[in-house]
Amino acid sequence: MTTTASTTEPVANARDLALAHYAARGVLEHVLARHGITFQQQVALRSALTADAPQTPDELVAQVQDSLKTDPADIRATLDELLARQLLDTDGPHLRPTDAGRRLMAAVGAETAPVSARIWGGIPAADLTAAGRVLALVTARANAELAALTA
């Protein structure tokens with residue numbers, strides 16, 4: 001017996017994933033613009049804030065590159081921008097978020113929290129669990145394909 005998806009419910013595909021990503025990113029970028037920070041700056045600053053231990057610039061570049069799949073030179077320029085704006089600071093060989101960087105990320109988080117609640121609210125837990133499994137699998141497969149293409 002062959003199982004097929006219901007004809008009344010959409011079946012997720014790459015385009016749907018991209019549209020959801022860009023819609024959510026558009027909301028975030030709108031908030032970030034009000035705070036004078038770019039998406040890539042926010043990702044780098046968040047990576048520094050959430051790291052278990054202080055990161056060297058190379059470690060932070062690798063972490064952001066793993067997330068964004070972008071040119072390391074662009075990420076280094078982003079770190080320089082965060083240092084110039086005093087949102088990151090050097091501590092020996094490491095980069096650390098400054099108090100200003102922490103306050104900025106807290107403000108962005110406070111502003112995006114109610115929007116995120118409206119976007120994600122009411123989605124059944126089982127649907128979120130299934131989506132989480134699928135997105136993790138798609139991410140792993142896409143990362144493997146990218147690694148093969150860039151090897």
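Visitor: Before we look at the sheet part, what makes two strands count as a pair?

Guide: Two strands pair if DSSP finds at least two bridges between them. Keep in mind that this is a predicted model.

Visitor: Which residue in E2 is the bridge partner of Thr 90?

Guide: That would be Leu 95.

Visitor: And what sits in the turn of that hairpin?

Guide: The hairpin has 2 residues between the strands, and Gly 92 takes a positive phi near 65°.

Visitor: Switching to the inside. Which residues touch the most other members of the largest nonpolar core?

Guide: Leu 45, Leu 79, Leu 82 and Leu 88 do, out of 21 residues in that core. Helices H1 (14–34), H2 (39–50), H3 (57–68), H4 (72–84) and H5 (99–120) each supply at least two residues.

Visitor: Which helix gives the most?

Guide: H2 does, with 5 residues.

Visitor: Tell me about Leu 45, then. What does Leu 45 touch?

Guide: Leaving aside residues up to four places away in sequence, Leu 45 touches Ile 37, Leu 82, Leu 87, Leu 88, Pro 97, Gly 101, Leu 104 and Met 105.

Visitor: How do H2 and H4 pack?

Guide: Their axes are 9 Å apart, at an angle of about 80°. Angles from 65 to 115 degrees count as roughly perpendicular, so H2 and H4 are roughly perpendicular to each other.

Visitor: Which residues make the contact?

Guide: On the H2 side, Gln 40, Gln 41, Ala 44 and Leu 45; on the H4 side, Asp 74, Ile 75, Thr 78, Leu 79, Glu 81 and Leu 82. By class, the contact has 5 nonpolar, 3 polar and 2 charged residues.

Visitor: New topic: Gln 55. Is Gln 55 buried or exposed?

Guide: Gln 55 lies in the loop between H2 and H3. Its relative accessible area is 14%, and buried means under 20%, so Gln 55 is buried.

Visitor: What does Gln 55 touch?

Guide: Not counting residues up to four places away in sequence, Gln 55 touches Leu 60, Gln 63, Pro 93, His 94 and Leu 95. Leu 95 is also the bridge partner of Thr 90.

Visitor: Last one, Asp 66: buried or exposed?

Guide: Asp 66, found in helix H3, has 52% relative accessibility. The cut-off for exposed is over 50%, so Asp 66 counts as exposed.

Visitor: And where is Arg 102 relative to Asp 66?

Guide: They are 36 residues apart in sequence and 22 Å apart in space, C-alpha to C-alpha.

Definitions and conventions:
Residues are numbered from 1 along each chain as its sequence is written. This is a predicted model: local features need pLDDT of at least 70, side-chain atom pairs count only at pLDDT 80 or more; totals for chains, interfaces and linings use all residues. Side-chain values use heavy atoms; hydrogens and water are left out. Helices (H or I, at least four residues) and strands (E, at least two) are DSSP runs, numbered from the N terminus. A nonpolar core is a set of buried Ala, Val, Leu, Ile, Met, Phe, Trp, Tyr and Cys residues joined through side-chain atoms within 4.5 Å. Buried means under 20% relative accessible area, exposed over 50%, partly exposed in between (1.4 Å probe, protein chains only). Contact means heavy atoms within 4.5 Å. Axes are lines fitted to C-alpha atoms, for helices over the stretch in contact, and angles run from 0 to 180 degrees between N-to-C directions. Angles under 35 degrees count as roughly parallel, over 145 as roughly antiparallel, 65 to 115 as roughly perpendicular and the rest as oblique. Ala, Val, Leu, Ile, Met, Phe, Trp, Tyr, Cys and Pro count as nonpolar, Asp, Glu, Lys and Arg as charged, and the others, Gly among them, as polar.
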